[in-house]
Amino acid sequence: MTDTTQGAAEPVSVSSAWQLAKYGLVGLLFFVLLLAMLGWVTSYSAAGTRSTQAVDYATNTITLALSTEPPQLDSTRATDMVSGMLLGHTMEGLLRYGPDNELVPGMAESWDMDENGGTFHLRNDAYWSNGTPVTAHDFVFAWQTALNPDTASQYAFILFPIKNATGINEGEIEPGELGAKAVDDHTLEIELEQPTAYFLKLLAFPTYYPINEEFYRSTDGGYGAEAHTLIYNGPFKITKWVHDASLRLEKNELYWNRDQTRLDAIDYAYILSDANATLNLFATNKIVYAGLNSENLDRALRNRWHIKQHNDGSVFFLEINHRPDRITSNYNLRRALQLVHNPSELVYKVLKLPGNLPGESIFPVWLNGVEGRFRDEYPGPKYIINEEKAREHLAMAIEELGVDELPPLVLLSGDNPVSNKQSEYYQRLWKEKLGIEVKIDKQIFKLRLEKMTTGEFDIVAAGWGPDYHDVMTFGDLFASWNLNNRGRYANAEVDRHVAIAQSSSDPVERMEAMDRVQQLLHDDVAILVQYERGSVYVSDDRVKGVTRRAVGLDPDYTRAYIASDSED
């Protein structure tokens, strides 16, 4: 999924507020008002008092912060990590991930699969949060809706293994011809377009979640935009959503596996992207989790907090716009940029955060290959720095473009400190090495996503988190038909090798095809890979049972609990 680390504006810090407060009664009143605006004092709702302490034993609630406002929570259209995380807590597909990162039964209690398809048997005790049974018809409706061209789902492609899905999405086949049939309320038959070795792994992804048709139509086009325009079949339900401010999850008592849900509520009382402000909330016992960056890592060390590390599986890259009307469609210009691209310098001298790895390939090092790790078996190309050759390619680009000098390149970026640091690094790099001016276009995540989709950039700072545990989750990202290919890169050879890896059951044939893809992406300068993200963070030790994973819901609080005094 599209990464959402590039987010909203920076709030006033607690320390700044104290400086204002110390000047007397007026300052004190201002301080109280400011804290109230930021949500740092206790707030009230019709349901009663809401604690803003990190852990509330009395109500069995933990408090967290979201890095950004989710654009919407319609599973047919969601593309970002925050939406995926919230959907993973509130919805459930045929399968889901268990505490040991294994696929386990979800809405389907059993199934039979072969290379042509399968039959899934839904459990009898599955209900939506409004009391309506979850049926096989809900899955068929959701998938047909996601494939409908009018939905414009950027994740429609993940349903393409199902028979006729591609034709439906292209408007050439009626939705009723989809190879997914509700035999009865509790029996779902799926026919595949071709053998798909990784199909079961797809079924835990949000685009495969069910949607109740009657409820969907009752929202009159507003499905997923508000808490009340959703019903839920997962461990939690959203009971409050104040846009750009807060969101609250409460235990779904109608969930079939509710005994495994040990928290009564998860209160996302803050929505803010600034890492220092988030860490202030953690330091003052307002939230149970905070990510760290190079600027505040020292603070965590000085406080002797227990710092944890996690590889979240994501790859970050500069996506280049290949549309014909953009100067970045010129190969020699892209090649010039590539020949001064230095992922090691970015990771070790700019980001300076433990766990990040310099990028070389769209395929991260943790992905499995034939017998071992894919990148061990197929290392792929390496970035080679050659400033003299870069200037030669730049001169050829200027001649081909018929200009005396290049116009400034537009680098679309987020507006948080980490994004600023990265974009300013590239602005300086390309100016110093090539004399190319770069205009940085800083946007909050939602607007950045809109501009990415409409192609309003020359280069965009982007990232991709894995959707399922197979090399294909990265391998098809820059296929010409993939709407997440925001730069509209198109290469028939890439498409051909993606198709081989999609349909083959031979592991060697599949991995050799993916090796060819990584070579083509490098040779064409489709993207510039920056780094593989390894995150460091602090979390409240009173909260146990949280699962971290590279694929699937992360962090996963569906089995989390607050430790008793004896465990603490």
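Helix α18 gives the most to the lining of the second largest cavity, with three residues. Keep in mind that this is a predicted model.

**The cavity**

- The count comes to three cavities of 30 Å³ or more.
- The second largest cavity has a volume of about 80 Å³.
- Its lining is made up of Gln338, Glu360, Ser361, Ile362, Pro381, Tyr383, Gln518, Leu521, His522, Ile527 and Val529.
- Two elements give two or more residues to this lining: α18 (507-523) and β20 (527-539).
- Sort the lining residues by class and you get six nonpolar, four polar and one charged.

**How α17 and α18 pack**

- α17 covers residues 492-503, and its axis comes within 8 Å of the axis of α18.
- The two axes cross at roughly 155°, and angles over 145 degrees count as roughly antiparallel, so α17 and α18 are roughly antiparallel to each other.
- As for handedness, the crossing of α17 and α18 is left-handed.

**Who touches whom**

- On the α17 side, the contact uses Glu493, Val494, His497, Val498, Ile500 and Ala501.
- Facing them from α18 are Glu509, Arg510, Ala513, Met514, Arg516, Val517 and Leu520.
- By class, this contact between α17 and α18 has eight nonpolar, one polar and four charged residues.

Conventions:
Residues numbered from 1 in each chain as written. Predicted model: local features only at pLDDT ≥ 70, side-chain atom pairs only at ≥ 80, totals over all residues. Heavy atoms only, no water. 1 Å grid on protein atoms, 1.4 Å probe; cavity = no way out; pocket = protein on both sides within 12 Å on 5 of 7 lines; lining within 4 Å. Points joined across faces, edges and corners; volume = space filled by probe spheres on them. Helix = DSSP H or I, 4+ residues; strand = E, 2+ residues; numbered from the N terminus. Nonpolar A, V, L, I, M, F, W, Y, C, P; charged D, E, K, R; others polar. Axes fitted to C-alpha atoms, helices over the stretch in contact; angles between N-to-C directions. Parallel < 35°, antiparallel > 145°, perpendicular 65-115°, else oblique. Left-handed = near helix turned anticlockwise from the far one by under 90°. Contact = heavy atoms within 4.5 Å.
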